[in-house]
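Here are my notes on this model, point by point. Keep the structure open beside them as you read.

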Amino acid sequence: QESRYDAMVNLHEGEISRAIFSDAEIFQEELEKVYTRAWLFVGHESQVPNPGDFFTSRMGAESVILARDKKRKVHVLLNSCRHRGMKVCQYDHGNTQLFTCPYHSWSYTTDGKLFGVPQYKNLYEGCLDKEAWSLIEVPKMAIYKGTVWASWDKDAPDFLTYLGDARIHLDLALDCRDGREGGSEVLFGVHKWVIPCNWKFAAENFLGDTYHNVSHRSVDLIGIGPSAEAGVKGRRDNELEKARHLWVNFPAGHGVHSAIMPESWEFLDTYRNNPIVAEYFRHCHEERKLRLGADKYRLVPFVGTIYPNTSYHGNQPRSLCVWHPHGPEATEAWRFFLVDADAPQEVKDFLRVYYMRYSGPAGMTEQDDMENWNYATAGSRGVIAKRYPYNYAQSLGKVANPGDAPVPGHVSLQVSEENPRQFYRRWRDYMNGADWDTLLGGKDQGPASLAA
Ligand code: FES
């Protein structure tokens, strides 16, 4: 029997209802059906290096604390007092021995245990089991190359199973520039801002929607890259045009855009204004080639979204962005900029300025995107407009999964809406309350079966 969501996500016609981007009831169901099950990015270990360090994050619409306890173990705890729900941690980050609730002063240790209850002997002895009233901790937590992920579903598959072959691409964002595994840290504070848009427009954009590049035409004209000259194509642009671009999606709903650079790919001297930065990136390029080999090092990441709401920029800028759902028409964007932890300070300073210029609330490209998502969300709510679905038919049935694809997954060699179609296929399945076998693609692998 067809469900409400099957009707809204019509993949055979490539049509998706506008209501899923604006309806308050659907939004509430998303919080209950998507955000209580999927693996969500919470933060980075480098944000909590020492015992007692904490970083206040979000999972779905709820506040959580990423904390490192006295024994150095990392925890993800719901930031809500067990007494009446007050936030026990009101700071963005810091170091503490106890989270003390401002309301009636119950206090919790950094592993979430209820520690102090005012007037305990008089009021609670014999009627409060402190152990049972600890902060709520996520049942599933994983640390992967420094990134911390969590799920509220105790039956969720382990994180690497969930990530699947999208790992190859995410790794390129998380690993050091010279090809060493991991070794990145979050550079300075996290950029946080609220966009009047539905979270799915942002997540979808990072699945590899290069079709929207026209939106950034003004940025191209001005020139924003490290060596960009306004309105002039650089060597990098030419190499990118010769690269083999890949749009890849995965059974769990993730999607990425990466490219294989041409064999002639060499280091581009793009940081001439700063010899230390130039030398650093030259060293990384050559070291990467030696470490990964002449073929593998040419795989370059652009963007991707790990279902449902964690996106990344893989190259320059290198960052993770989380689209926290606030409401059907409000999304809180968080951008975590990544840098090699052992990079020279000059490189970190250079990247700090470049990252801010490129993305974040004042970044030149992000402003273009935000305007699009803002008006797309508004366009999803009109009484008349809502009678007409959105078109997701780009390359529908046309893009075969090439037999010689150089990476695993469902690969398109031209821009297509296969990635968003796969994303919304899984969105529909979560909303239908599907089991994990289905959510991991066990029964419906996606585009390949659709094209058949
Ligand atoms: Fe936290 Fe009462 S709400 S102690």
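1. Start with a term. Buried area is the accessible area that two parts lose on being put together, summed over both. The size of an interface is often given this way. Here the two parts are domain 1 and domain 2, and the area buried between them is about 1,200 Å². Carbon and sulfur atoms give 70% of that area. Keep in mind that this is a predicted model.

2. Now find the two domains. Domain 1 comes in two pieces of sequence, 4-35 and 165-451. Domain 2 is assigned to 40-142. The C-alpha centres of the two domains lie 33 Å apart.

3. How many residues of each domain are in contact with the other? Domain 1 brings 19 residues and domain 2 brings 14.

4. Look next at the side of domain 1 that touches domain 2. Strands β13 (184-186), β19 (319-327) and β20 (330-340) are the elements that give two or more residues to it. Of these, β19 gives the most, with five residues. By class, this side of domain 1 has eleven nonpolar, five polar and three charged residues.

5. Side chains of opposite charge can pair when their charged atoms come close. D92 and K192 meet in a salt bridge, at 3.8 Å from N to O.

6. Step back to the whole structure. It holds 25 salt bridges. One of them joins the side chains of R428 and D6, at 4.0 Å from N to O. This pair links distant parts of the chain, with the two residues 422 residues apart. R428 sits in helix α12 (residues 418-431), and D6 sits in helix α1 (residues 4-8).

7. Check the overall build. The chain has 14 helices and 22 strands. Its C-alpha atoms fill a box of roughly 75 × 60 × 35 Å, taken along the principal axes.

Key. Residues numbered from 1 in each chain as written. Predicted model: local features only at pLDDT ≥ 70, side-chain atom pairs only at ≥ 80, totals over all residues. Heavy atoms only, no water. Domains from an automatic or database assignment. Contact = heavy atoms within 4.5 Å. Buried area = accessible area lost by both parts, 1.4 Å probe. Helix = DSSP H or I, 4+ residues; strand = E, 2+ residues; numbered from the N terminus. Nonpolar A, V, L, I, M, F, W, Y, C, P; charged D, E, K, R; others polar.
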